Amino acid sequence: MEKSNLPVNESLALERTKLAIERTFLAYFRTAVVFLSSGFAIYQIESLSQIKELGLVLMIIGPIVLIVGFVRFIVIRRRILKKYK
């Protein structure tokens, strides 16, 4: 979305904001992957059988974090695009 009627400083600010939103989503994604992989590892390793429930909880939290991050990404992106249309 290029708007030629925006001043240069506002156009650059818009691009920085878009990049910040993407970085935030990637942070949510990274966190979800860590929760999933940690939960899977805890659940699979026999010597950690005392905390197997923690592994299950982490495997449940992982996708929830990813969904929350994706929803926030979409909502904030729409707000920004609506403001500059």
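Phenylalanine 70 is partly exposed in this predicted model, with a relative accessible area of 46%. Phenylalanine 25 and phenylalanine 73 form an aromatic pair that is tilted, with 5.5 Å from centre to centre and 40° between the planes. This pair links distant parts of the chain, since phenylalanine 25 sits in helix α1 and phenylalanine 73 in helix α2, 48 residues apart. Phenylalanine 73 is buried, at a relative accessible area of 18%; the label applies because anything under 20% counts as buried.

So where does phenylalanine 70 come in? Ring pairs join Phe25, Phe70 and Phe73 into a cluster. A pair of aromatic rings is described by two things: how far apart the centres are, and the angle between the planes. The count of aromatic pairs here comes to 2. Phenylalanine 25 and phenylalanine 70 make up an edge-to-face pair, with centres 6.1 Å apart and planes at 65° to each other. Phenylalanine 25 belongs to helix α1 (residues 8-44) and phenylalanine 70 to helix α2 (residues 52-83), so this pair ties together parts that lie 45 residues apart in sequence.

Another ring has a charge for a neighbour. Lysine 52 lies over the face of tyrosine 43, at 5.0 Å from the ring centre.

Now for the helices themselves. The chain has 2 helices and 0 strands. The axes of α1 and α2 come within 6 Å and cross at roughly 170°. Angles over 145° count as roughly antiparallel, which makes α1 roughly antiparallel to α2. Sorted by class, the residues in the contact of α1 with α2 are 25 nonpolar, 7 polar and 5 charged.

What about the chain as a whole? Its C-alpha atoms fill a box of roughly 65 × 15 × 15 Å, taken along the principal axes. The radius of gyration is 19 Å, whereas a compact globule of 85 residues would have one near 12 Å. Of the 85 residues of the chain, 16% count as buried, and phenylalanine 73 is one of the buried residues.

Technical notes: Residues are numbered from 1 along each chain as its sequence is written. This is a predicted model: local features need pLDDT of at least 70, side-chain atom pairs count only at pLDDT 80 or more; totals for chains, interfaces and linings use all residues. Side-chain values use heavy atoms; hydrogens and water are left out. Rings of Phe, Tyr and Trp (its six-membered ring) pair if their centres lie within 6.5 Å; planes under 30 degrees apart count as stacked, over 60 as edge-to-face and the rest as tilted. Helices (H or I, at least four residues) and strands (E, at least two) are DSSP runs, numbered from the N terminus. Buried means under 20% relative accessible area, exposed over 50%, partly exposed in between (1.4 Å probe, protein chains only). A charge sits over a ring if NZ of Lys or CZ of Arg is within 6 Å of the ring centre and within 35 degrees of the ring normal. Axes are lines fitted to C-alpha atoms, for helices over the stretch in contact, and angles run from 0 to 180 degrees between N-to-C directions. Angles under 35 degrees count as roughly parallel, over 145 as roughly antiparallel, 65 to 115 as roughly perpendicular and the rest as oblique. Ala, Val, Leu, Ile, Met, Phe, Trp, Tyr, Cys and Pro count as nonpolar, Asp, Glu, Lys and Arg as charged, and the others, Gly among them, as polar. The radius of gyration is taken over C-alpha atoms; the globule rule is 2.2 Å times the number of residues to the power 0.38.
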